[in-house]
Amino acid sequence: MKMKFKIKRLSLILVIAFITSGIGSSYSYVNSNIPDNMTIVQNDEEVIPLTFGKDAEVDSKNVGNYRFDIKLFGILTIKKVDVNVVENMSVYCGGVPIGMYLQTDGVMVIGSGKVSNLNGNQSEPALGLVKEGDYIIRLNGIDVSSKSQLIFLINQYGNKEIVLTIRRNGEEKDIKLKPVQTTDKEYKLGIWVRDDTQGIGTITYITEDMRFGALGHGISDSDTGKLLDSRGGVLYRAIVWGIEKGVPDTPGGICGYINYDEENKLGNIYTNCNKGIYGYMTCAMDDVMSQEMIEVSYKQDIKEGKAYIRSYVSGEAEDYEIEITKLNINGMDKDLVIKVTDERLLELTGGIVQGMSGSPIIQNGKLIGAVTHVLVDDPARGYGIFIERMLEN
């Protein structure tokens with residue numbers, strides 16, 4: 001009897017161990033291979049392949065959002081997936097270098113330091129009061145929108161104590177400080193500021209109603225590395241005159257400049273966020289919009305392997321072959337890890353260079369993402385963002 005009991009007990013332990021192991025491996029598979037959220041096209045058949053039980057069919061009949069449960073053997077819920085059903089979408093595929101002029105929302109503080117008064121004595125009036133990344137938005141209650149205006153107001157008040165209203169991490173704060181007279185007509189706070197920025201990037205897409213998305217990442221301050229709070233900006237045609245080829249540890253770049261004449265203006269920038277810059281075109285971009293629109297594809301349909309970067313770095317539209325080496329379907333950044341394999345692009349640029357951020361990534365004739373960054377030690381490799389994350393804005 002004891003022997004039978006031990007056998008039954010051992011069998012039960014083995015069964016429990018088997019079930020526990022099965023649940024654990026299933027849970028691991030689900031987390032690694034099934035996205036936390038999915039965007040699917042209305043009436044498209046979408047099936048989630050499972051290593052356990054029957055494959056899961058996702059309902060795509062009605063546009064809207066709902067939550068879908070992944071169940072182990074149809075019984076135990078092991079993952080909840082947020083599903084967004086959308087209408088089929090097509091866009092004009094970009095790849096053209098563009099110039100960007102971005103105005104900050106207030107005047108950005110990039111640092112502080114000492115100043116010398118008329119007698120040559122040094123002091124640091126802003127020490128401990130402002131921080132790198134703060135935005136000066138008012139002086140004595142007057143809205144501040146530019147560096148030149150801030151300097152003008154400081155000199156107007158002279159050596160009188162002033163109140164600066166700053167925005168720090170989204171919250172406003174008043175600070176009091178007294179300017180230092182440095183010359184007969186000049187007063188300073190010892191605060192180094194920036195009020196705008198400009199650069200060259202690549203447009204990713206234009207929609208039928210003239211909305212655009214570009215870069216695939218936000219515009220950050222070159223000194224602080226922090227995302228710029230923007231009150232708007234302008235999109236211009238970029239005049240490209242050459243390419244600086246990328247080599248290991250030295251990123252290359254698209255060499256060009258921005259002509260700020262009115263006839264060179266393409267559109268208005270309304271948003272700068274960690275997924276890119278967004279706005280509306282004010283005129284047709286013929287080199288992009290003369291092409292046929294292409295469909296958008298979502299992350300669950302993207303595969304590792306061959307894909308293409310569309311770029312105008314040669315002076316005309318070219319699709320250059322790349323390899324998608326890794327997908328990160330549940331991450332917050334670095335969605336795609338890519339490697340340039342096209343000898344034409346490697347010969348021309350060395351791979352991915354500064355200014356190519358926003359270059360569309362195409363697989364199976366559909367837009368799936370955009371280039372965002374290059375690996376500094378290997379310019380042939382870099383990262384990309386899923387196009388669906390850009391379209392969320």
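I will go through the aromatic contacts in this predicted model.

Confidence comes before contacts. The protein chain has an average pLDDT of 87, and 89% of its residues score at least 70. Among the elements, helix α1, residues 2-33, has the lowest mean, 51. Strand β26, residues 360-363, has the highest, 98. Where pLDDT is low, the predicted coordinates should not be read in detail.

Now the rings. Searching the whole structure gives three aromatic pairs. One of them is Tyr-236 with Tyr-260, edge-to-face, at 5.1 Å centre to centre and 85° between the planes. Tyr-236 belongs to strand β18, residues 230-244, while Tyr-260 is in the loop between β19 and β20, so this pair ties together parts 24 residues apart in sequence. Tyr-260 is partly exposed, at 41%.

The next pair is Tyr-270 and Tyr-280. The ring centres are 6.1 Å apart and the planes stand at 65°; over 60 counts as edge-to-face, so that is how this pair is classed. Tyr-270 sits in strand β20 and Tyr-280 in strand β21, residues 276-281, ten residues apart, and the pair links distant parts of the chain. Tyr-270 counts as exposed at 52% relative accessibility, and Tyr-280 is partly exposed at 39%.

Back to Tyr-236 and Tyr-260: together with Tyr-101, they form one aromatic cluster.

Last, a charge and a ring. Which ring does the charged end of Lys-334 sit over? That ring belongs to Tyr-383, and the charged end of Lys-334 is 5.2 Å from its centre.

Terms used:
Residues numbered from 1 in each chain as written. Predicted model: local features only at pLDDT ≥ 70, side-chain atom pairs only at ≥ 80, totals over all residues. Heavy atoms only, no water. pLDDT = per-residue confidence, 0-100. Helix = DSSP H or I, 4+ residues; strand = E, 2+ residues; numbered from the N terminus. Phe/Tyr/Trp six-rings, centres within 6.5 Å; stacked < 30°, edge-to-face > 60°. Buried < 20%, exposed > 50% of the residue type's maximum accessible area, 1.4 Å probe, protein only. Lys NZ or Arg CZ within 6 Å of the ring centre and 35° of its normal.
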